[in-house]
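These are my notes on the fold of one chain. Please read them alongside the model.

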Amino acid sequence: MAYIWLRGHRPECQPPASNAIASHQRPHLIERFNEGAKRRVHSLQEFFVLGGKAIGFAFSRPFYRADLIQQMDSIGVQSLPIVLLTGFFTGMVLALQSSVQLKTFGATMYIGRLVAASMIRELGPVLAGLMVAGRVGSGIAAQLGSMRVTEQIDALNTLGTDPIRKLVTPRVLAALIMVPALTVINDFAGIFGGSIISSAYVGIPTSLYWRTVFEQIAADGFIFRYIPTDFIQGLIKPFVFGAIISLVGCNFGLKTTGGTEGVGVATTRTVVTASILLLVVDYFITQILLAVFAS
Amino acid sequence: MTDNPEGRRGSDDRRQAPTDGPVAPNTPIRRPSDDLRVRAAIRNELATDRPIEPGELPALVNERTAENVIALDHVSLAFDEPILSDVSFTALAGETIVVAGESGTGKSTILKLLLRLLVPDKGTVFIDDEEITELNFPDALKVRQKMGMVFQGAALFDSMTVFENIAYPLREHTTLDEDEIEARVREKLSFVDLDPDRVMEQLPSDLSGGMRKRVGVARGMANNPKIMLYDEPTSGLDPLTTATITHLIIKLQRELAVTSVVVTHDIRSAFRMASKIAVLAEKRIVFFGTPEEMSASDDKYLRDFLGGF
């Protein structure tokens with residue numbers, strides 16, 4: 001029978017000297033697995049409680065409007081250069097790659113449609129989300145983590161302020177507002193980048209490129225007569241991504257332990273967890289939206 | 001000081017500070033020396049061993065008439081292992097209670113219990129005759145407004161200026177207008193011997209450790225709280241700054257009659273500022289009494305704890 005031993009500094013984690021595996025150690029492993037599972041479920045519960053409280057505090061007083069505006073600047077305005085750059089170059093690469101493929105079918109005139117559909121439905125939200133997760137999520141975790149280890153969170157508590165109301169709610173709201181806004185900008189930068197490549201490299205007139213872009217936007221119809229369905233699909237995702245990034249950052253930041261090293265750990269965990277969650281959730285949202293809009 | 005407990009309220013010729021003026025007979029004169037180490041030693045003595053004036057000692061509290069402001073009643077707390085076990089003590093209005101003990105004995109936990117950042121497993125905590133153990137979160141926030149807390153590292157908000165830090169509790173919990181807030185901030189900064197015009201617009205990162213601590217005290221007392229809590233207020237400070245902070249705590253008690261709980265293992269400062277000292281060991285309070293009673297105690301642990309002091 002094969003056994004996996006977890007080596008640790010605790011003596012009970014070391015493998016036994018003899019080849020006879022003591023039967024009493026098996027429940028120990030199960031117990032540890034059980035404890036680990038409980039901890040994870042508890043963490044998940046805490047995450048959702050944090051999210052619920054953060055949203056709930058948005059509808060009650062006191063509301064920290066100045067903090068919200070400051071966070072909108074920090075999360076949104078300051079992320080603008082990075083989002084513009086990534087969107088622009090992704091659009092250019094998309095046009096370049098698709099021109100090679102479409103040329104074989106003599107369909108290079110559809111580059112605009114392809115770039116627009118890819119950017120608005122998928123790449124725009126995901127790229128903006130990943131960029132914001134890297135820049136803003138890590139920033140939130142580092143900021144709140146530093147506040148935790150330097151007792152500033154405790155200070156807020158003792159000064160009669162709920163840290164979730166003061167620190168988490170403005171960040172979550174700012175992300176809910178600004179990540180969709182950044183996504184729209186990212187979409188536009190990507191489509192614009194695509195237009196430069198298609199006119200300069202592929203030789204498609206700019207007017208034709210933009211006409212195919214608008215054809216694609218109108219292709220799936222409109223909601224409420226004026227709002228293209230593609231836009232709705234492209235804006236639901238960043239709204240959810242904004243919530244994920246800000247809440248993951250706040251959650252890991254507020255739970256930071258272990259001094260400055262702990263701040264580093266919280267930051268890394270935030271970027272990794274938020275990025276993975278974002279991609280997983282993106283798949284499920286896409287499935288749901290395709291089913292809803294197809295019907 | 002252990003040799004002469006009464007000495008803390010009188011003068012001790014051996015600890016007379018050097019002076020340029022006339023010197024009392026029989027007082028050894030210390031002359032300034034160019035040797036830096038000697039000068040540093042003199043500065044240390046000035047800070048810690050100079051004779052204590054009556055105005056630098058905590059005011060005496062009338063135990064018959066004063067009311068209980070803080071009470072811990074048979075409080076026990078455990079996480080993975082016991083932190084506190086059956087801890088009880090009371091603080092009368094205007095008293096300064098020093099909680100002393102070795103590291104890791106749960107001293108700071110007592111402050112968290114008083115602030116209701118932690119809830120005891122057993123026992124009750126009273127603040128101002130109100131039991132706080134069963135309070136919900138919003139009510140606990142209200143109780144915390146009666147208290148000012150000074151953290152070990154000052155815990156000033158990095159992103160705010162000194163002015164904004166001190167004004168924070170005023171903006172949160174009072175209806176004072178900006179002029180009144182500025183006047184209050186100036187008053188508190190002056191109380192802690194900081195020049196308001198010089199420091200108000202500075203960020204905490206621009207201040208020295210001692211100044212940060214004093215701003216922390218100013219922020220803690222901004223709302224004129226009834227109770228002040230101090231977590232290791234003198235740790236990591238040089239002797240001069242330690243003396244300054246100690247005198248500040250005494251000044252607060254004498255001039256504003258604030259009830260204080262000070263967690264420290266700086267026993268020298270503890271003897272200067274305490275109305276009563278609680279010594280924690282093995283999760284319990286092993287001694288609770290006046291500094292004089294502590295000095296006079298024959299208990300072996302207390303003698304060892306006081307060491308050479």
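**Notes on the sheet in chain B**

1. B:Ile97 stands opposite B:Lys276 in S9(B). Five bridges join strand S3 (residues 96-101) of chain B to strand S9 (residues 276-281) of chain B, and the two run parallel. Strands count as paired if DSSP finds at least two bridges between them.

2. The model is predicted: local features need pLDDT of at least 70 and side-chain atom pairs count only at pLDDT 80 or more, while totals for chains, interfaces and linings use all residues. Residues are numbered from 1 along each chain as its sequence is written, and chains are lettered from A and ligands numbered from 1 in the order in which they are written.

3. S3 and S9 belong to an open sheet of six strands in chain B, with mixed pairing and the order S6-S7-S8-S3-S9-S10. Strands S6 (147-150) and S10 (284-289) of chain B are at the edges with a single partner strand each, so one side of each is left without a neighbour in the sheet.

4. Helix H2 (residues 107-114) of chain B packs on the sheet and touches S3, S7 (227-231), S8 (259-263) and S9 of chain B. Contact here means C-beta atoms, placed from the backbone, within 7 Å. The direction of H2 makes about 145 degrees with that of S8(B). Axes are lines fitted to C-alpha atoms, for helices over the stretch in contact, and angles run from 0 to 180 degrees between N-to-C directions.

5. Helix H8 (residues 239-256) of chain B also packs on the sheet, touching S3, S7 and S8 of chain B, at about 160 degrees to the direction of S8(B).

6. Chain B has eleven helices and ten strands, taken as DSSP runs numbered from the N terminus (helices H or I, at least four residues; strands E, at least two).

Note on methods. Contact = placed C-beta atoms within 7 Å.
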